[in-house]
Amino acid sequence: MTNETRNLQSLEKTICAKLFSIKNDGNKSNNPILFSNDLQLNDQQPFFYSPLQQLFEFYHRWGSLLPPNITEREMEISHQVKDSVQRIDDCVVVPELIGSPVDLFNSLELSNAGHKYDALVKKAQRVKLLGAISLPSIYDVIIWLKNKGFSGVLDVYDISSIPLKIGQSYQELGLLPAGLQVNFINKPAQKIQKDGQSDLIISDVLGYYLTPEDYSVLASAVANNLNAGGVWLTRELIEPNGEASLDNKTVRRSYAERLNSFNDFIEKIFSFKLDLRILEEWENTRWSKAPQYSRKSKEEYLFRVPESLFLDFDLRVSSKPLWDSVNRRIFETMAFFKKKSK
Ligand SMILES: C[S@@+](CC[C@H](N)C(=O)[O-])C[C@H]1O[C@@H](n2cnc3c(N)ncnc32)[C@H](O)[C@@H]1O
């Protein structure tokens, strides 16, 4: 084993000790994995932000608790994906979505609108990310911004303290990419300061958590926070037929193989495996007890956006498996410019 590998392993153990604690690894009937005391904070969606859910995000995106090597990270959309893009009805159907705000940035690339926004990102002083489910997603945004030459302040907002506290832990360990300042803010996105300071505001699949009235509040707060000439880049899960309907979670992956490899990851991190029944139960409740989110139509969203913001760009995107499912998942990416006052 090389020194470097040993150090990486000890770093992963340090992160693990900072984030998680083990209740009783001898007891197979209960899930023994807890968050560490630092992360045991009030959380409005404890189910969504369980230790297993957060671990799953790390497993799924990084295969490790350690961030990937930035230089090896491929953030741009690959030629392979570009070549297999299909246009069906008014939707761009891609083989796969990454499942983080990177999808939103890739929407810009897919429509060849990306270059228009590059200059804005490069000279931006302040960017806001509204709603981030996990550190790997936040990390993706940081890398993307850095790749585009951003060197200002990034404010990350979420109503859940968990991904933010995890982000702070990585920050304390010096594991966030250098070159920009990141603030983690545990507040509803509707409460961003009305200070006209941001050049770019990113919200990714946030609208279905909000009532239409709250969405209006959010859109106005965004408009008041953006600098003149600034952009709100947003992606929403939409109801394609224009009718609000409940998301009945019909997309299910066959999970036996996935749960086994997630358990291998758990073993790598904690040196024990969970009883598969625990993971199966978690996987089932993850879907069945997840809140039933209502999808809105694109028009419903647009209706809530104040006049000071104008729609500059929109693109409807789905992944192939989500497009082919009974209950299609279609994401609407929109970019709104804040008009410069005359
Ligand atoms: C579906 S996730 C979005 C996916 C995420 N962008 C990603 O990176 O994969 C929505 C996130 O928004 C957060 N959220 C929900 N309502 C919010 C609100 N009013 N203000 C801020 N964050 C909110 C949730 O806690 C969750 O982390």
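Okay, let's start in helix α6, where the buried residues are Leu-135, Pro-136, Ser-137, Ile-138, Tyr-139, Asp-140, Val-141, Ile-142, Trp-144 and Leu-145. Before I go on, keep in mind that this is a predicted model.

So, ten of the 13 residues in α6 are buried, and that's why I'd call the helix largely enclosed by the rest of the structure. Just past the end of α6 you'll find Gly-149, which has a positive phi of about 95°.

What does α6 pack against? One partner is helix α4, residues 101-110, with an angle of about 35° between the two helices and 8 Å between their axes. On the α4 side, the contact uses Pro-101, Val-102 and Phe-105, and on the α6 side Ser-137, Asp-140, Val-141 and Trp-144. If you sort that contact by class, you get five nonpolar residues, one polar and one charged.

Now, Ser-137 turns up again at the ligand. There are 20 residues around the ligand, and the ones that come nearest are Gly-131, Ser-137, Ala-189, Asp-204 and Tyr-209. The shell as a whole has eleven nonpolar residues, seven polar ones and two charged ones.

Let's zoom out for a second. The protein has twelve helices and 13 strands, and 33% of its 342 residues count as buried. Take the contacts between residues at least 6 apart in sequence: 79% of them join residues at least 24 apart.

On to the sheet. Nine strands make up an open sheet with mixed pairing, and the order is β3-β4-β12-β13-β9-β8-β5-β6-β7. At the edges sit β3 and β7, each pairing on one side only. On average, neighbouring strands in this sheet are turned by 20° against each other, if you ignore direction.

Look at β9 and β13 in there: residues 226-238 and 330-338 pair in the antiparallel sense, over eight bridges. Helix α8, residues 212-225, lies across β8, β9, β12 and β13, and it runs at about 150° to β9.

Most residues other than glycine have a negative phi. Asp-89 has a positive one, near 50°, and you'll find Asp-89 in the loop between β3 and β4. Is Asp-89 buried or exposed? Exposed, because it has 9 C-beta neighbours inside 10 Å, and the cut-off for exposed is 12 or fewer.

The other one to look at is Ser-271, with a positive phi near 65°, in the loop between α9 and α10. Ser-271 has 11 C-beta neighbours inside 10 Å, so it also counts as exposed.

Last stop: Lys-268, which sits in helix α9, residues 256-270. How far is Lys-268 from Ser-64 in sequence and in space? They're 204 residues apart along the chain, but 8.8 Å apart C-alpha to C-alpha. Lys-268 has 14 other C-beta atoms within 10 Å, so it comes out as partly exposed.

How values were computed. Residues are numbered from 1 along each chain as its sequence is written. This is a predicted model: local features need pLDDT of at least 70, side-chain atom pairs count only at pLDDT 80 or more; totals for chains, interfaces and linings use all residues. Axes are lines fitted to C-alpha atoms, for helices over the stretch in contact, and angles run from 0 to 180 degrees between N-to-C directions. Helices (H or I, at least four residues) and strands (E, at least two) are DSSP runs, numbered from the N terminus. Two residues are in contact if their C-beta atoms, placed from the backbone, lie within 7 Å. Ala, Val, Leu, Ile, Met, Phe, Trp, Tyr, Cys and Pro count as nonpolar, Asp, Glu, Lys and Arg as charged, and the others, Gly among them, as polar. A residue is buried if 20 or more other C-beta atoms lie within 10 Å of its own, exposed if 12 or fewer, and partly exposed in between; C-beta atoms are placed from the backbone. A residue is near a molecule or strand if its C-beta atom, placed from the backbone, lies within 6 Å of it. Two strands pair if DSSP finds at least two bridges between them.
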